[in-house]
Amino acid sequence: MSDTDIFKVLADPTRRAVLERLATAELTATDLRAGFAISQPAMSQHLAVLREAGLIEERREGRFAHYRLAPEGLAPLHTWLARYEAFWPGRIDSLKDLLREMDQ
Amino acid sequence: MTQDDSAVVFECSLDAPPEKVWRALSIPAYLERWLKPGDDVELAVMEAKENKSLTYHWREAGQGTAGDTEDSVVTFELTPTAEGGTWFKLTHAPMAVPVAANSNMANATLMAA
């Protein structure tokens, strides 16, 4: 899963909302639909995309599927953020140097 | 997953007025000198409000297969300070993850100064 793919998966507001709900509890698809104006097939589709992206996991219990966050799912995003958190401070120092060298 | 952890944000004060900082950010020859973006990075202006805010589309060739690119967005916001300087705010986010322009990203904010 590349960084780019994970960002596409996260671009959808419903999928981000699902991840937020699952951040605090394991839920069924029915629980997850509560409060959304969204059909059951549409929610199933979102859950399938999130599973394929490795962001959530499914646990079957009888007729019910329970969903929870996959522990390492957001690692590519965190890697991207860490890379640019390391990148910018040196560049900002260079910007300050340049501002001192520039004419008004 | 909240918007707080989907962007890199740096803020600091700069000892130059917004008009001067604007030139350092918008004139390619100056940008090249401090940003040193590298050969695999393409920058394109997406939105420009002179002396106030400047947004670049940051397109970087990925390290994986050929043709793989990473799209992100860098926004510089400039606010004049009472001392005649500039309060500088930089927000860098992957393009596919929208970041609310006015969201308070205190958790992700790092002081660069």
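**View 1. Surroundings of B:Leu90.** B:Leu90 touches A:Trp88, B:Val9, B:Phe10, B:Val74 and B:Phe76, leaving aside residues up to four places away in sequence; contact requires C-beta atoms, placed from the backbone, within 7 Å. The model is predicted: local features need pLDDT of at least 70 and side-chain atom pairs count only at pLDDT 80 or more, whereas totals for chains, interfaces and linings use all residues. Residues are numbered from 1 along each chain as its sequence is written, and chains are lettered from A and ligands numbered from 1 in the order in which they are written.

**View 2. The largest nonpolar core.** This core has 23 residues, of which A:Leu99, B:Val21, B:Leu25, B:Phe76, B:Phe88 and B:Leu90 touch the most other members. Two or more residues each come from helix 5 of chain A and from strand 1 (8-14), helix 1, strand 3 (53-61), strand 4 (69-80) and strand 5 (86-94) of chain B. A nonpolar core is a set of buried Ala, Val, Leu, Ile, Met, Phe, Trp, Tyr and Cys residues joined through C-beta atoms within 7 Å; a buried residue has 20 or more other C-beta atoms within 10 Å of its own. Helices (H or I, at least four residues) and strands (E, at least two) are DSSP runs, numbered from the N terminus.

**View 3. Helix 4 of chain A.** Helix 4 (residues 40-52) of chain A has 13 residues and reaches 18 Å from its first C-alpha to its last, close to the 18 Å expected at 1.5 Å a residue. A:Gly54, with a positive phi near 75°, follows this helix.

Note on methods
A residue is buried if 20 or more other C-beta atoms lie within 10 Å of its own, exposed if 12 or fewer, and partly exposed in between; C-beta atoms are placed from the backbone. Two residues are in contact if their C-beta atoms, placed from the backbone, lie within 7 Å. The expected span of a helix is 1.5 Å times one less than its number of residues.
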